[in-house]
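Q: I have not seen this one before. Can you walk me through it?

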Amino acid sequence: MERLTRPLAFVARAQRRAGSDSFAATMSVAPQPSPVRVRFAPSPTGWLHVGGARTAYFNWLFARQNGGQLVLRVEDTDVQRSSETSEQGVLDDLRWLGLDHDEGPDRGGPYGPYRQSERIPRYREHADLLLAQGSAYPCFCTDVELEARRQAALAAGRPPHYDGHCRHLSDSEREGFRREGRPQSVRFAIDPRDWVLEDLIRGEVRFPAGMVGDFVLLRASGLPTYNFACVVDDAGMRISHVIRAEEHLSNTARQLMLYHALRATAPRFAHVPLILNHDRSKMSKRSGEAAVAVGDWRRAGFVPEALLSYLVLLGFHPGDDREILTRDELLAAFTLARVGRSGSVFDADKLRWVNAHYLHLATGSQLRIWGDAFLPDAARELPAARLEALLESVRGDLATLADLPVALRPFLASTVELEPDAEAVLASETARELCSAFSQELQTLAEWRGETVKSALQAVGQRLGRKGRELFQPVRAALTGRTHGPELPLVAELLGRERCVERLQAAASMARRSAE
RNA sequence: GGCGCUAUCGUCUAGGGGUCUAGGACAGGUGGUUCUCAGCCAUCAGACCGGGGUUCGAAUCCCCGUAGCGCUACCA
């Protein structure tokens, strides 16, 4: 048996590599291929985290590529931990990322409601169905009893599964327990045989009999458990492909049993690898390392295109050397066949690099949209064209949008604040001469453009016998208070003649003071 | 404990029996960039988890270890 699974898994993998996965095969063989319907099913117990964002993106890409629908389903059956604020947060983050869905709690659709808390009667119905056909049974065990037997099983070296205590109760015993007022849940009577999953990413995965015990379908509170609600909804919403995180791989055994008992066709599954902390544990909300919430990156000045672009390559590889792919490129290149099988460590440095890349190439108007929340008031008051020109000039100095205020300061502040390096550059008689001469030259300049300013500077340099660093650095220091920044002619052009002259004169007199 | 998944530079990864003295990217080092830089360009360093097989030949196929992770809940 064991000998058989390996070669089969290999064949499945080889088929995926060759681009002929079972889905494609189904599509070409089936006369009427069923429409592609995928879903993203967050539980609103916190904010959207980066792993969820990546899963959502995979689903989004798959849906859009295949002309299918993306369903957003809110899995809020854990009443203690779910909240409406959190649901709103997740929705906001998805919107910010630009991952739009076709059906969901916020926009309805033919298979609603899309919040599990609003689908309770359906779960009850399906549970009754299973109860009636003997695939499920009422369980009267209390938490305390359950825990005690679990510990005992563990101590005896047996698997800590439910021991089937209530599975074969007689009707009168059940009546007795009910009269006692015991809590009553519904358990699934598992089918003890091997279950085989043909995973689109992992190939054949075999779950041997005895792996799971009878699990709970409906809690004593009447609310469904994850595995049950998930199957009832995926089946009821006609989901064709379930693309989700690997942590659910083992759960799939239970879900397969449920599809079978419900006489429903199971969707195709694709389990994507986990995103990991540096210690290779699952990246979670309390890992305390890099920020895990999408909102944290957003507030830190990362742009959605960069976050998504980074995340999608955590696990997916386009097959060539491209390191950054736009959404359109991904729409053309993405395939589950090229999603890897091992977990990936989240690398904030690389994300930062991707973000900087987007910022360095952005137009002024794009930066104005992206950077709105980060702009100082003085910048927001500027005419749009002026602001966009400034933004584009400083883009090379940005790694995140949070760098914007600092990068823009020389253009916005009324006076120049000298950084220590700049002060040192200006603290000489020669610097004073240069600033003074250049300020005079600028006052007579016919046309104010970067080019003309540059020529003027070079002319002054020639007269004073100075060029290169000696020529540019003092002027840069005088104009911006810094020793680095965008190209100097551009800086001067954007600053305008009046401010340039003013700052050069100020530097000249300051330099004189410190020289004396 | 049981079951499952995974295993190539520090990190993300390419690779699917010979084309691998293992390729690319981030981070790091070095050099350059008729002004500077966190920019850009060039360059260096850096990996096939271990052991057995199969084969003329293994990073690649098989087995056994080992390690990490996931599931084993009336969490999702």
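The chat below goes over the parts of this structure one by one.

Q: What kind of model is it, and how are residues numbered?
A: This is a predicted model, where local features need pLDDT of at least 70 and side-chain atom pairs count only at pLDDT 80 or more, while totals for chains, interfaces and linings use all residues. Residues are numbered from 1 along each chain as its sequence is written, and chains are lettered from A and ligands numbered from 1 in the order in which they are written.

Q: Which residues come nearest to RNA strand B?
A: Glu75, Tyr226, Ser342, Phe472 and His484 come nearest, out of 71 residues around RNA strand B. A residue is near a strand if its C-beta atom, placed from the backbone, lies within 6 Å of it.

Q: Which elements give two or more residues to that surface?
A: They are α1 (2-17), β6 (203-207), β11 (344-345), α13 (348-361) and α21 (469-480). These labels follow DSSP runs numbered from the N terminus: helices are H or I with at least four residues, strands are E with at least two.

Q: How many of the residues there are charged?
A: The surface near RNA strand B has 22 charged residues, with 24 nonpolar and 25 polar ones. Here Ala, Val, Leu, Ile, Met, Phe, Trp, Tyr, Cys and Pro count as nonpolar, Asp, Glu, Lys and Arg as charged, and the others, Gly among them, as polar.

Q: α13 was on that list. Which of its residues are buried?
A: Leu351, Val354, Asn355, Tyr358 and Leu359 are buried in α13. They lie on the same side of α13, because they cover an arc of only 140° around the axis. Buried means that 20 or more other C-beta atoms lie within 10 Å of the residue's own, exposed means 12 or fewer, and partly exposed is in between, with C-beta atoms placed from the backbone. The arc is that of the directions from the helix axis to the C-beta atoms.

Q: What do they pack against, and what is exposed on the other side?
A: The buried residues of α13 pack against α11. On the other side of α13, Asp349, His360 and Leu361 are exposed.

Q: Now α4. How many residues does it have, and how far does it reach?
A: Helix α4 (residues 84-97) has 14 residues and reaches 20 Å from its first C-alpha to its last, close to the 20 Å expected at 1.5 Å a residue. The expected span is 1.5 Å times one less than the number of residues.

Q: Which of its residues are buried, and what covers them?
A: Val90, Asp93, Leu94 and Leu97 are buried in α4. They cover an arc of only 100° around the axis, so they sit on the same side of α4. The cover includes α3 (50-65), α10 and α11 (304-312). Glu84, Thr85 and Gln88 are exposed on the face of α4 turned away from its buried side.

Q: Which residues have the most contacts inside the largest nonpolar core?
A: Ala53, Tyr57, Leu307 and Leu311 do, in a core of 94 residues. α3 gives the most to this core, with nine residues. A nonpolar core is a set of buried Ala, Val, Leu, Ile, Met, Phe, Trp, Tyr and Cys residues joined through C-beta atoms within 7 Å.

Q: What does Leu307 touch?
A: Not counting residues up to four places away in sequence, Leu307 touches Ala53, Val294, Trp297, Phe302 and Leu351. Two residues are in contact if their C-beta atoms, placed from the backbone, lie within 7 Å.

Q: Which residues does the second core include?
A: The second, separate core of 24 residues includes Cys435, Val453, Cys500 and Ala507. Ala507 is 80 residues from Ala427 in sequence and 9.2 Å from Ala427 in space, C-alpha to C-alpha.

Q: Where is Arg263, and is it buried or exposed?
A: Arg263 is in the loop between α9 (251-261) and β9 (268-272). It counts as exposed because it has 9 C-beta neighbours inside 10 Å.
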